[in-house]
Amino acid sequence: MDNDTQKSLITVNTDAASENPDSILNTEEFSIFYGDFEAVRKVSCSFFKHHVTAIIGPSGCGKSTLLRGMNRMNDLIPGCRADGKMIFDNANIYDRTIDVVQLRKRIGMVFQKPNVFPKSIFDNVCYGPRLHGIRKRSQLEEIVERSLNQAAIWDEVKDRLHTNAIGLSGGQQQRLCIARALAITPEIILMDEPTSALDPKSTTKIEDLIGELQKEYTIVIVTHNMQQAARISHFTVFMYEGDMIEFGKTQKLFTKPEKKETEDYITGRFG
Amino acid sequence: MDLRTRKLLDKSFSALGVIAILFMALFLVVILAPIIAKGSGAFIFRGTVEYRKLMFDIWNRGDEKALAEEMQIVAKARKPVYEMMDDFRRELAAMPSSERRKYRRALNDVEKNIENLLGPNPDDREPVLMRQRYGQTRWDMARKHLKDVLYATEWDYSGGMGVKVYVPRQDFFTGTSIEELFPYIEENIDAMMAPRLTLYLRFLTDDSRDSHFFGGIWPELLGTIYLTLGAMLFAVPMGVIAAIYFCEYAKQGLVISYLRICITTLAGVPSIVFGLFGLAFFLNTIRVSESKSVLAGSLTLALLILPTIIRASEEAIMAVPSTYKEAALSLGAGKWRTVMTVILPAALPGILTGIVISMGRAAGETAPIIFTAAVSVGKALNLDEVFTNPSPALPWNIYNLCTEHEAVDQIRHVQFGMVFSLIAVVLFLNITAIVVRARVQKNLRN
Ligand SMILES: Nc1ncnc2c1ncn2[C@@H]1O[C@H](COP(=O)(O)OP(=O)(O)OP(=O)(O)O)[C@@H](O)[C@H]1O
Ligand SMILES: [Mg+2]
């Protein structure tokens, strides 16, 4: 397949990014190490408010690592450490003074595999709000309805809010996970291949959802699906073996990539 | 490997499995059947009039009037026995002294055995020991003692080795006025003892009287319950907290893996060592109580089961999918909240299994309580006494009754009753825990 036919298959996001977007999260020479292995190498880029940024790259290039680095989920992994700066709200989130709990409240995450708790749907959505001190039933009910609506799953589950979430289908579970993340009203939502385990229909639903959510939230999404990245994102980060090769507006990156590697990757020559 | 070989392999493996299971089932039956059969003898048996008298005297159970009537009928049946003995005593007094000596000894033997069977002579003073105040309360025992009345045991050494032979006493007394006594007793034993099918469920809740000759096993049962619950009270929180610490808080490294090995090893230490340690540490060193006590025993048992609980809880916690943990943390839960709201609930069924296993173990262990908590005879303790007093307990008293009791043979039914009850207690605890576990698991699912 030559370059031109491949490109024509990709529909690029027409809803172009605004001219001067505000950045909300900035990395400066940001690196992550697993022991001695540098999985993310000196990445410097920005993520913009109310925009969708996609991170693409071949398997094992450090996408998930970078994404998890943004709300310090890597802290869990023994032997993992970060270097450089990740600036959010004028502070480096890796500073000692940062309260990780507060940070994760502001930067939520949706994982590759749906990971609902073995609790009722209601309790799943309420988990975050309850953690952050909301106890009033009426308030919780309001949050549940709002979040489930935002995640486009309300109609499917409104009659069985108190049944166990394990009984939902994979796609429903993933949307429930999104609702759960939305319930704490984060400023940024990180999504790690949220549709990789889903059928096309659920995938479309979640993509539509992301289009809706970008109005209120900032979204960073990791994906292996080029079409998806092109369809839903405003900005794209291309990574290769831990390095950030190219960062720019999606439209530009997909039509006129600056680097050879980027072009090779999006045209399917490797990865 | 072709299809035929694979099928053959599968078939032979399942055959082996079935055989193993059948073997185990057989083993279980071989163990349990006699225990259930003989153990139920403590609860359901044919009780004689002596049993009913005893129940009325001690616990005021039964209908006084009916008992008095029954006593009268029985006394009438027994009267000829005492009359014949009186007659013979008179006859004996008139005999020449050489013959008198010969019969005197045999008569003493008969008198003793009749007292054993029917209780004290109506005209005698009431004996001091309770066991001598009543005849045989159980029909099975009465049959045995009847035999002692009718036959003298002698040893025949003619074949080189001693052989026990039973000689009818009647033959010995031929020609005397007591001769007729033996056929009379044999024929009228029913009327003299009035056996009746009896259900004695209070065996579980009565204290024992005269060191287990009469009554039930409440002190032992209660002691076992105290010891088991006490041990759980210490071991469960400590074990679960330790497991949480190991899995979630401790920095995984050399020290932790070393500690893990220690704990696994501890689980394999013989229980008698724990018993001695309990004595040396809890009683002699830190002196939790002046003497042996339920408290010291519970602590020792707790140490014994702690490794099991820690290991089981650890396994359960580690089996919780790490995605749950990630989800909780990503929503802004701290470590503590994650543990309490996500990890523990998900690990609960596994933790409960560990608790069940160790509960059964704590209830049944003998060695750790010998030096720290158990006494052979004692009252049922009140809750406030457990800190200072020792208590009887089923495992120890089973051993004690079977080996050290002064009349081992006469209280077999109590021994089996205790074994039966111990197994029932363990089974009950297990079933409760299994039910709770099933509930918890169901709650997790829907
Ligand atoms: N917990 C870990 N410990 C050590 N190395 C790790 C760990 N997690 C990831 N790595 C390594 O870090 C590199 C980047 O991994 P990462 O999971 O970020 O890749 P990815 O881009 O998300 O790949 P994929 O698209 O397959 O999910 C890989 O080489 C991987 O082997
Ligand atoms: Mg990944």
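This is a predicted model: local features need pLDDT of at least 70, side-chain atom pairs count only at pLDDT 80 or more; totals for chains, interfaces and linings use all residues.
View 1. Take a look at the side chains: Thr65(A) has a side-chain N or O atom 2.4 Å from an oxygen atom of ligand 1. Lys63(A) also reaches in, with a polar side-chain atom 2.7 Å from a ligand oxygen. Cys61(A) does things with its backbone instead, where a polar atom sits 3.3 Å from an oxygen atom of ligand 1.

**View 2. Where chain A meets chain B.** On one side of this meeting are 25 residues of chain A, and on the other are 19 residues of chain B. For chains A and B, the buried area is about 1800 Å², and carbon and sulfur atoms give 62% of it. Over in chain A, the residues that lose the most area to chain B are Pro118(A), Tyr127(A) and Leu131(A), which together make up 27% of what that side buries.

**View 3. Polar links between chains A and B.** Zoom in on Arg68(A) and you'll find its salt-bridge partner, Glu326(B), with the closest N and O atoms 2.9 Å apart. Five residue pairs are in polar contact between chain A and chain B. Now for the pieces of chain A involved: α3 (100-106), β6 (107-110), α4 and α7 each supply at least two residues of the side that touches chain B. The largest share, four residues, comes from α4(A). Sort that side of chain A by class and you get 14 nonpolar, five polar and six charged residues.

**View 4. Helices α4 and α7 of chain A cross.** To describe two packed helices, you give the angle between their axes and the distance between the axes. Here, the axes of α4 (residues 121-131) and α7 (residues 170-182) come within 7 Å and cross at roughly 35°. From α4(A), the contact uses Ile121(A), Asn124(A) and Val125(A), while α7(A) brings Leu176(A), Ala179(A) and Arg180(A). Those contact residues split into four nonpolar, one polar and one charged.

**View 5. A salt bridge inside chain A.** Glu156(A) pairs up with Lys205(A), and their closest N and O atoms are 3.5 Å apart. Glu156(A) belongs to helix α6 (residues 154-157) and Lys205(A) to helix α8 (residues 200-213), so this pair ties together parts that are 49 residues apart in sequence. Over all chains, the count comes to 37 salt bridges.

Key:
Residues are numbered from 1 along each chain as its sequence is written. Chains are lettered from A and ligands numbered from 1 in the order in which they are written. Side-chain values use heavy atoms; hydrogens and water are left out. Axes are lines fitted to C-alpha atoms, for helices over the stretch in contact, and angles run from 0 to 180 degrees between N-to-C directions. Contact means heavy atoms within 4.5 Å. Ala, Val, Leu, Ile, Met, Phe, Trp, Tyr, Cys and Pro count as nonpolar, Asp, Glu, Lys and Arg as charged, and the others, Gly among them, as polar. Buried area is the accessible area (1.4 Å probe) that two parts lose on being put together, summed over both. A salt bridge is a side-chain nitrogen of Lys or Arg within 4 Å of a carboxyl oxygen of Asp or Glu. A polar contact is a pair of N or O atoms within 3.5 Å; within protein, one must be able to donate a hydrogen and the other to accept it, and residues adjacent in sequence count only if both atoms are side-chain atoms.
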